[in-house]
Amino acid sequence: MDYRQDPSQNPAPGPAPTPGPSPASSSSGYGAPAAGRVPYTANPAPSPIYGGSPAQPQWPTGAPGPYTPAWAPPPAAQAHSKTKRRPRSRAIEISLIAISLVIVVLLVGGIAVLLSVAGSLGSAFTPTAYSNNPPSNSFSVIRIEGTIADTDGSNGSYNHKATLEHIKSLSDNTNNKGILLYMDTPGGGVYESDEVYRALMNYKEQTSRPVYAYMAATCASGGYYICMAADSLTANYNTTTGSIGVYISLTDTSGLYEKFGVKSVLVRSGPNKGVGTPGVEITPEQQAVYQSAVDESYARFVSLVESGRGMDEKTVLKLSDGRSYTASQALDNNLVDELADWDTALASFEEKTGANPFYTDFSGATAISSLLSSISDMLPRSEAEVAVDYVEQLPTGVPLAYAPGLAA
């Protein structure tokens, strides 16, 4: 079959025809074109009848399109060849890799600098090594920093359980020659402070080894309570100490509830059960109940100062109205034995024991976690998160040997 002789059999018709005179019908079949039909020409010349150009001839209405040679690429392939992207040059790829490496190096270097700065600010002294297994002929430097509570050392907080376990373990450790306390705390719970005090007293009774205490920036209330187990107290020249006393904090929000028309209903077994519940008024009788608990804890605190500092009750009561003292005031009132810096206190205890310092570290935090925690604290928080934090910090009615105004 010769498609060039009969374009009506062309499998791929050309462009849509333009209006024009209808050619005479033909019944000649295959062979010469019928009258009125234009024979196929690969590159027809423009004409006033058909218009167009040699590259795209136009055909009269009703006439079949031009013949498409078998070797011509399909329209889809032609379009694809026009939009195909040119390959990226080798030089551009190398430049992008180099820029990426520079960015990574800058990020790593920046993190290293931040960690170095955080580490240099993390403590008043720089120990040579951290461990919890004392070497031979050493004394333990036990750091009590931050709020004294039953915390686990995460995010650099005080680790209560680890501190107690370490003190107890030293009683049976012949490598240990004594304990030097590094105190930088505004105090905390009476219960936790008393636990550390008792552990130190048991250590002294079982070993007859010395326990000294050094006060850094702050050693108040519960911190001073613990120091009553020490044989000697050294305060830094700028230490704030004292705050001998106990308190219980409760929040009476009944007036606030009443202002907003909110009523709190408390079903309880007795009139003094559930004291401090939000929206419930605290009665004078209930305050008296808590006052008795405060008085009992305070009396014990005073007795420890009497025995620890060798003073009579009248003198201690005069100093124990809750006020804080500067280092020089504490020295004048026999609340400390001497004023010195950390290096001097450390050298003095080395001479006393003839041993080398062994630095303990009970913190569960690493430099990375501390950095991430600091970044997290700077991030904005929703109102719900702020409210939850506030509720968690509300007073719980637990006796505290704490100096809120001295807390960091």
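Q: In which loop is the place of Ser243?
A: This is a predicted model, in which local features need pLDDT of at least 70, side-chain atom pairs count only at pLDDT 80 or more, and totals for chains, interfaces and linings use all residues. Residues are numbered from 1 along each chain as its sequence is written, and side-chain values use heavy atoms, with hydrogens and water left out. Helices (H or I, at least four residues) and strands (E, at least two) are DSSP runs numbered from the N terminus. On that basis, Ser243 is placed in the loop between strand 8 (240-242) and helix 6 (254-259).

Q: Is Ser243 buried or exposed?
A: Buried means under 20% relative accessible area, exposed over 50%, and partly exposed in between (1.4 Å probe, protein chains only). Ser243 has a phi near 55°, a positive value in a residue other than glycine. Because its relative accessibility is 8%, Ser243 counts as buried.

Q: How many Å apart in space are Gly354 and Asn137, C-alpha to C-alpha?
A: Gly354 lies in the loop between helix 10 (342-353) and strand 11 (356-359), while Asn137 belongs to the loop between helix 2 (90-121) and strand 3 (138-145). These two residues are 217 residues apart in sequence. In space, their C-alpha to C-alpha distance is 7.9 Å.

Q: Why does Asn137 count as partly exposed?
A: Asn137 has a positive phi, near 50°, in a residue other than glycine. Asn137 is partly exposed because its relative accessible area is 34%.

Q: What percentage of contacts between residues at least 6 apart in sequence join residues at least 24 apart?
A: Contact means heavy atoms within 4.5 Å. The protein chain has 12 helices and 12 strands, and buried residues make up 33% of its 408 residues. Among its contacts between residues at least 6 apart in sequence, the share joining residues at least 24 apart is 72%.
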